[in-house]
Amino acid sequence: MAGIRDSIDTKKRRLPHVSRRSLLVGATAAGGLALAWSVWPREYAPNLTAAKGEHIFNAFLKIGEDGHVSVVVPQCEMGQGVTTLLPQIIADELGADWRTIAVETAPISPLYTNTLLVDEDSATFMPRELVPDFVADVRGWARREWAVRHAVMLTANSSSVRMFEEPCREAAAQARALLMMAAARRWDADWQDCDTANGFVTFGRKKLRFAEVAAAAALLEPPAEPVFRASSNDPLYGQELTRLDLPAKVDGSANYAGDIRLPDMVFAAIRQGPLGATRLKSIDKKAGLASPGMLYVVEHERWLAAVARNWWAANRALDQFAPVFETAGAPISSASIDKALAAALKADGYRIAKAGDVASAMEGRASVGATYQVAPALHAPIETRTATAAPDGTRLRVWVATQAPAQCRAAVAAATGLSESDVTLFPMMAGGSFDACLDHSVAVQAAIIALQVKRPVQLAWSRAEEIMRDIPRPPARARMVATLNAAGGIDALVARIAVPSTTHEFRDRLFSNASPDVAQRAAAGAPDAAAVEGAIGGYAIPHVAVDHCPADIGLPTGRWRGNADSYTAFFTECFVDEMAAKAGLDALSYRMAMLGGQPLLARCLLTATSIGGWEGMLSGSAQGLACHSMRGSHIALMATARPSDRGLQVEQLVAVVDAGRLVNPAIARQQVEGGLIFGLAAAVGATTDYEGGVATARKLAQLGLPRLSQSPEIIVEFIDSDRGPGGLGEIGVPVVAPAIANALYAATGRRIRRLPLGANPL
């Protein structure tokens, strides 16, 4: 049996940009660290710009003398509705008229650091093992301070509302106090006796528009502590307000990176070689330059770009250039990936989580086990990777969708030799991302091309390039082993999961600008707690252990909507279903018996089965269950699915979610519905094979994605709650595949233990 390492090998865990010099951790213990960091600046002023007649109140909002309220949003809008949700929070607290709300993207600034994500994913940014024990009392503070210093403005982990609800409310409360102060001076009244509503400051029957007092208010000092608005009779918080980005997306006026048009701009297409340590070996320059519309060719060590008067001409010219690449080492293939996962599962692992005494509980007792597999999952957004770059004297301007603007700017600066202050980044909306926009390759490539041809360039990857060069969610293999008690319940469970150390790869790419192949090789073998996150869910099992078996598969891997929960929930929820069947118990009651400590999740499960009409153990019911908790939210899903002459037919998905307070129920529903469809896509496709170091798929049609006609009826219900907001962007994804797999077992009596389900003909 494979061994277990309880201690994590810190030698394999590297932290970019953090050194002894920057931390100044010395022999003087915690005092040295605190003293060194105490001399760093702690106050950051807003670096916003104001238009004529517009006044900056703080980092999150500006008010114009025409009455408009401009809300500054520090997160990437990629369909999740953040450019409506954060303004809705601010407008409600400010007492603004929703019709006057405008939105602008935040500039890069430490004021917008996503410290919540840093705390939740501390291993990504500052592994606890790298902080000496003698500063244990300040290491959480140190992680957050490091993130602030580096303006880690990440959009990830369903954290936008969870992170920025409080800062937005405080910003609005301060601005509201200033408006009331300015109005009170005119009325010779106590400002705390004033109020705001519908864009007016009020005092009894007196009222003044925000526009009338904005200029004077912006010059005043706010109270030391925010004074929050009393509950309103008609709050904006909780209303299904129309998304602010919707009209522009409907009429086509919304700007994405590919919509940028600049004087003298040209268009570029790119060809990159196989995944791995690849370099450009040769091209047919004469034939390529003779292609119609061709203007320039840019050769890079790792890629070739054609620049032409239009993108179509540039992309066609690449075929004429006939680039030849060579890759060091054995080429990546699906067979080599499967072999590496199987070997990792048999090898030593790292015990990431444990409770009780698994070894004693399993000793001398019969156990039950099952092995599960999931394939790599592609992002496949509608918008392929696109960036526009324009030289501007000694400076460079870049337009790109990014979930990490400060790190994107740093990557461009490092690749071009410019200082970060000479790179101006314009973060754009993303036409879908699912964490793909945490990779900044396209921005770097566009910048290099633009500087070489000395004119504005727009680079767009082709669909084939998008699929072949995508950094997918990692494939994984799990061995689940349990012993049961006399009643058939799970007494002890060991989950061994073989999967790459994706967190370390991602960190090195994002913060050290490592190439995907270098990051992949460096991370190989490192323990990664995030790689097995969500493996046990909320079940109360007396003895449990989760092991990470790092797999060196050669294929670079990255973050993806739902991340590890998207496969660990499949392993756990399918295995729990198998144990219920083995015990001869109903899948609902079996789960409920283990959810005594998770009343919110249990309520979701009972509500979903009530709405869906759960038929229990009836033969051929074609119903399956799954439940999961993540990012402060809970979901239960009941799926109805069966095989048909047209293949797998998913008839209905009934989801019940407890996500705490909902800022906008309509957007919340959209996020859950979108997550369910995304999870369905991953359950039946959204993957590719690899051969010779490249993906075999080239088109969306080859990814096995569900079509509109194959989409099931979806019912989503929310549990009323006063809890703080939970994450909604990912919660719908993890439960879909296991619920469908369990439904197929109920319909056919066959267990499917591999994703995508489409790879398992029924």
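This is a predicted model: local features need pLDDT of at least 70, side-chain atom pairs count only at pLDDT 80 or more; totals for chains, interfaces and linings use all residues.
Two packed helices are described by the angle between their axes and the distance between the axes. For helix α7 (residues 160–187) and helix α8 (residues 210–217), the axes come within 8 Å and cross at roughly 100°. Because angles of 65 to 115 degrees count as roughly perpendicular, α7 is roughly perpendicular to α8. On the α7 side, the contact is made by Leu178, Leu179, Ala182, Ala183 and Arg186, which meet Phe210, Glu212, Val213, Ala214, Ala216 and Ala217 in α8. Sorted by type, the residues of the contact of α7 with α8 come to nine nonpolar, no polar and two charged.

Next come the aromatic rings. A pair of aromatic rings is described by the distance of the centres and the angle of the planes. With ring centres within 6.5 Å taken as the cut-off, the count comes to 11 aromatic pairs. In one of them, the rings of Trp146 and Phe511 have centres 5.4 Å apart and planes at 65°, so this pair is edge-to-face. Distant parts of the chain are linked this way: Trp146 sits in helix α6 (residues 139–149) and Phe511 in helix α17 (residues 502–512), 365 residues apart. Trp146 counts as buried, at 3% relative accessibility, and Phe511 counts as buried at 3% too.

Another edge-to-face pair is formed by Tyr372 and Phe570, at 6.0 Å centre to centre and with 80° between the planes. This pair, too, links distant parts of the chain, with Tyr372 in strand β15 (residues 368–374) and Phe570 in helix α19 (residues 565–583), 198 residues apart. Both Tyr372 and Phe570 are buried. The story goes on from there, as ring pairs link Tyr372, Tyr567, Phe570 and Phe571 into a cluster.

Glu466 lies in helix α16 (residues 463–468) and, at 2% relative accessibility, counts as buried. Setting aside neighbours within four places in sequence, Glu466 is in contact with Pro381, Thr384, Arg385 and Trp461.

Gly692 lies in a loop, between β26 (690–691) and β27 (694–695). With a relative accessible area of 39%, Gly692 is partly exposed. Apart from neighbours within four places in sequence, Gly692 is in contact with Pro274, Pro331 and Ile332. From Gly692 to Ala410 the spacing is 282 residues in sequence and 33 Å in space, C-alpha to C-alpha.

Notes. Residues are numbered from 1 along each chain as its sequence is written. Side-chain values use heavy atoms; hydrogens and water are left out. Axes are lines fitted to C-alpha atoms, for helices over the stretch in contact, and angles run from 0 to 180 degrees between N-to-C directions. Helices (H or I, at least four residues) and strands (E, at least two) are DSSP runs, numbered from the N terminus. Angles under 35 degrees count as roughly parallel, over 145 as roughly antiparallel, 65 to 115 as roughly perpendicular and the rest as oblique. Contact means heavy atoms within 4.5 Å. Ala, Val, Leu, Ile, Met, Phe, Trp, Tyr, Cys and Pro count as nonpolar, Asp, Glu, Lys and Arg as charged, and the others, Gly among them, as polar. Buried means under 20% relative accessible area, exposed over 50%, partly exposed in between (1.4 Å probe, protein chains only). Rings of Phe, Tyr and Trp (its six-membered ring) pair if their centres lie within 6.5 Å; planes under 30 degrees apart count as stacked, over 60 as edge-to-face and the rest as tilted.
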